[in-house]
Amino acid sequence: MSDEGAAVVAAVAAVADRLETERSHLTDLDSAIGDADHGGNMARGWAAAAEAVGELDDPEPMTVVKTAGKTLLSEVGGASGPLYGGSLVFASPELEDGITAETAVAFAETYLEKVQDRGDARVGDKTMVDALVPAVHTFKKSVEVDDMAPLSALAKAVAAAERGVDFTVPIRASKGRASYLGWRSVGHQDPGATSTLFIMEELLDVATEHLEAPEELPEHPESPTIPDGEVTED
Amino acid sequence: MKKLINDPDDVVDEMLDGMVAAYPDQVRRIPDTKVLVRDDAPVDGKVGIVSGGGSGHEPTHAGYLGKGMLDGAAAGEVFTSPTADELEELVAAADSGAGVLMVIKNYEGDVMNFETAGEMVEMEGTDVAQVVVDDDVAVEDSLYTSGRRGVCGTILVHKAAGAKAAEGADLEEVQRVGQKVVDNVGTMGMALTSCITPEKGEATFDLPEDEIELGIGIHGEPGVERTDVMSADEITEELTANVLDDLDLEEGQEVMTIVNGMGGTPQMELFVVNRKLQELLGDHGLETWDAWVGDYMTSLDMEGCSITVCAVDEELKDLLGAPAETPALTVT
């Protein structure tokens, strides 16, 4: 299996594990302003996606992403199927030539565009877009303008998504099922923005493992590096 | 609550098999899906017309499969949108090369899954167009929808678009007449009792014995007003006034009407409503060209009805009056 393909398979599995762990957390958030099915839908969908990509034979990243997206489409249904799964399917061709800083930016932009087209949501509507827009824009700027290493750019994007999730708490929903609640949605964190953040956090974790760990080591077998100071254990 | 079911999980599947068994010459099921198509789909050279949505609204949509109406219909779980992969199969099965019109009721899940499916089929080279039906005048934004909900007026879109496609018109023309119906139709419903989903087995919403809900949605989602129970004439006046207010028709305009049962209402009561509806239309100076009465788009076993009024011109009269041969609707 290509290293990149394996990394994406690992990422899908990591997201599935995380969403299973967060199942009741997401369901609680969704009970407050939705119909209490987000935790179950995401956990079930991503578990199926992890299983499906696990069965692929030596896949390229594009195939893994497309397979995961198609599985989410059929397993999750509702609005989340097209938003989380359909967007992956449509963004997957951006990874045709593998994963580089450039293709990752293109992938993120297409994914965001598809989510926004499909959901017709903008920043401030209290949806997953509130996490995605700052994350994607931060990632793009960090790579293209600040010339940052992809991993640092991704870390910065995740931090931006986290602030976006916090931003959903005080605002009023104007898209999605929570919009039916109007002002009563104020004070509740958006479940879609939250699950989007969880997905991105797992991408960062897996990317960190694959980009940092083995590649550099063989060149300096005599000096294994011990990270100093900054590493935090979750 | 007593129900004529086996396992709630099997209801949709078993219903579809039962429909195929009832109309073996008219419909068939695409294996391993909840998609039914007319037996001879795709029809050579004809634009395909497809629709779909959650189950529980029978005969919508599969009851309208056949000559002059739909080529394919996808069934979701009860009150749940079909998934995009099933809708992809639906569109593909209806395409003879002339393109496919997707008729979508305006619910977020339905719209997103249809659009996703449409885009995927387009990548394979199929021409796809869509009409989103939002005829419910009762509420703007609701539990499942941004904007107005799509309800019984959808049947007239199936009819007009289906007739246009049967004439051999191209996709753009077929879409145009579908949209024309949407632009000229309004519906409002009411409930005497709640529906009961097979899964839950009890009332979806609590409606006291002496109250009714005006503006109810076809999934039992809230309407605009809960009032003390009224007579059939008073209810008909209320619904008709709201629909006509929205349509804002000129005196002398010809209309077609549907008094639609929600699933648990005796025909007797629907005809009582129709009697008053026609009287009211006359009072408004409107001329009824055709009036349908029956269960066209139901909400499981809900008791109640909806009233649909559609302004018609010569073109729409030709299309709505054109022949149709389907399990649920025959026009000769």
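Mentor: Two residues are in contact if their C-beta atoms, placed from the backbone, lie within 7 Å. This is a predicted model, and by that cut-off 16 residues of chain B are in contact with 16 residues of chain A.

Trainee: Which helices of chain B supply at least two residues each of the side that touches chain A?

Mentor: Helices α2 (84-94) and α3 (108-123) of chain B do. The largest share, seven residues, comes from α3(B).

Trainee: How do the residues of that side of chain B divide into nonpolar, polar and charged?

Mentor: Three are nonpolar, eight polar and five charged.

Trainee: Is the crossing of α3(A) and α4(A) left-handed or right-handed?

Mentor: Right-handed. On the α3(A) side the contact is made by A:N41, A:R44, A:G45, A:A48, A:A49, A:A52 and A:V53. On the α4(A) side the residues are A:V64, A:T67, A:A68, A:T71, A:L72, A:E75 and A:V76.

Trainee: What makes up this contact by class?

Mentor: Eight nonpolar, four polar and two charged residues.

Trainee: What confidence does the predictor give the complex?

Mentor: The complex has an ipTM of 0.83 and a pTM of 0.90. For chain B, the mean pLDDT is 96, and 99% of its residues reach 70 or more.

Notes. Residues are numbered from 1 along each chain as its sequence is written. Chains are lettered from A and ligands numbered from 1 in the order in which they are written. This is a predicted model: local features need pLDDT of at least 70, side-chain atom pairs count only at pLDDT 80 or more; totals for chains, interfaces and linings use all residues. A crossing is left-handed if the near helix is turned anticlockwise from the far one by less than a right angle, and right-handed if clockwise. Helices (H or I, at least four residues) and strands (E, at least two) are DSSP runs, numbered from the N terminus. Ala, Val, Leu, Ile, Met, Phe, Trp, Tyr, Cys and Pro count as nonpolar, Asp, Glu, Lys and Arg as charged, and the others, Gly among them, as polar. pLDDT is the predictor's confidence in each residue, from 0 to 100.
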